[in-house]
Amino acid sequence: MRTILIGLLMQLCGATVLAGSARPPSATSPAATHAAAPATTSSATLGTAHPTTSSAATGTPNASAIATAECIAPAKPGGGFDQSCKLARAALLQAGVTRQPMPISYMPGGVGAIAYDAIVTRRPAESQTLVAFSSGSLLNLANGRFGKHTVDDVRWVAAVGMDYGVVLVSRSSPWKTLPELLTALKADPGRISFAAGGTIGSQDWVKAALVATAAGVDYKAMRFVAFEGGGEAIAALKGGHVQVYSGDVSEIIDKQPLNGPFRVLAVFSEQRLPGPLAGVPTAREQGVDIVWPAIRGFYVGPKVSDAAYAAWTSTFDQMMATPAFDELRARHGLFPLALTAAALRRYIDDQNRRYAEIAVRFGLRR
């Protein structure tokens, strides 16, 4: 049995297995393009100060900002950031906070670095602008891949769900299980290329490196092709340009029809996930001790007012407390996790410390 000890996993990637609600339930130019979605309606109302007060109905400047919100997905369409923005758009519309689908702007570059810099340096006070982030964003910040910027440079609004890593191959691939892939990788690592929505040191790179290590292959020698976001990486896999994609559940949940073009060899969760991937075994089940949870959420600019920031966190608190949001979250490939404001900041600070230690230890920090 090939096993990476959990201690090695923690050293290499800084991944933490979250308890409680984080576990899966049982049952350069920032030119923007916009995505549209069908509208849905709901009689639910949300408040910015009290649970029974609708922020959309108050007519305050803060409510107006949320009602006219924009979400920035800091990558090309089709990846996890895109899914996060689509989840927020659907939730705000369903709750009656927005009257029209919130526009989504795609701002690729540096797997979030371009968007982060744009918000911090050029758009710091835009209270209506949400930006999607993930654990990959936090890892890149710790690695110094967002330039001079740190986690202190924005205001973290909400974590709306937990994602998990996956190993994805083409349906026509000869590998039916993760151990079969590891055997092939060990026999001839030069013939297998990994795609990822990020460069060396990114979250997807770390997941690929863990798989290579499990096969007894030096992760520095693995073939790795970097793409700008998960959507582009998945397209490369579908086109046969790469053999394996080390992505996340949310990136593939809408790309897994019965007898579709892909096969999921493993999920990097502690236990099997409910929903469309319920039949996919975990890496641990297959003798490979890899667990990779990934937080997904949103931030706003550093000069957004306290009142506007509070309106955002209150809105997310109330939305995430409803069964309707639970259903939307599952539909977008995410699993229960709900953090806002101070609780989210504590989580981010903890992860930042872990990722910073790993970056220094493995020479990843720029």
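Visitor: How many bridges join strand β2 to β4, and do they run parallel or antiparallel?
Guide: Three bridges join β2 (residues 70-73) to β4, and the strands run parallel. Strands pair if DSSP finds at least two bridges between them. Strands (E, at least two residues) and helices (H or I, at least four) are DSSP runs, numbered from the N terminus.
Guide: This is a predicted model: local features need pLDDT of at least 70, side-chain atom pairs count only at pLDDT 80 or more, and totals for chains, interfaces and linings use all residues. Residues are numbered from 1 along each chain as its sequence is written, and side-chain values use heavy atoms, with hydrogens and water left out.
Visitor: Which residue in β4 stands opposite E70?
Guide: T129 does. C71 has L130 as its bridge partner in β4.
Visitor: What is the bridge partner of C71 in β3?
Guide: I104. β2 and β3 (residues 104-106) pair in the parallel sense over three bridges. The chain gets from β2 to β3 through helix α4 (residues 80-94), in a right-handed β-α-β crossover. Right-handed means that, with the strands pointing away from the viewer, the path from the first strand over the helix to the second runs clockwise.
Visitor: Switching topic. Is β4 mostly covered or open?
Guide: Mostly covered: six of its six residues (129-134) are buried. Buried means under 20% relative accessible area (1.4 Å probe, protein chains only).
Visitor: Which β4 residues point which way?
Guide: T129, V131 and F133 point one way, and L130, A132 and S134 the other.
Visitor: And what is the bridge partner of V131 in β10?
Guide: Y299. β4 and β10 (residues 293-300) pair antiparallel over four bridges.

Methods:
Buried < 20%, exposed > 50% of the residue type's maximum accessible area, 1.4 Å probe, protein only.
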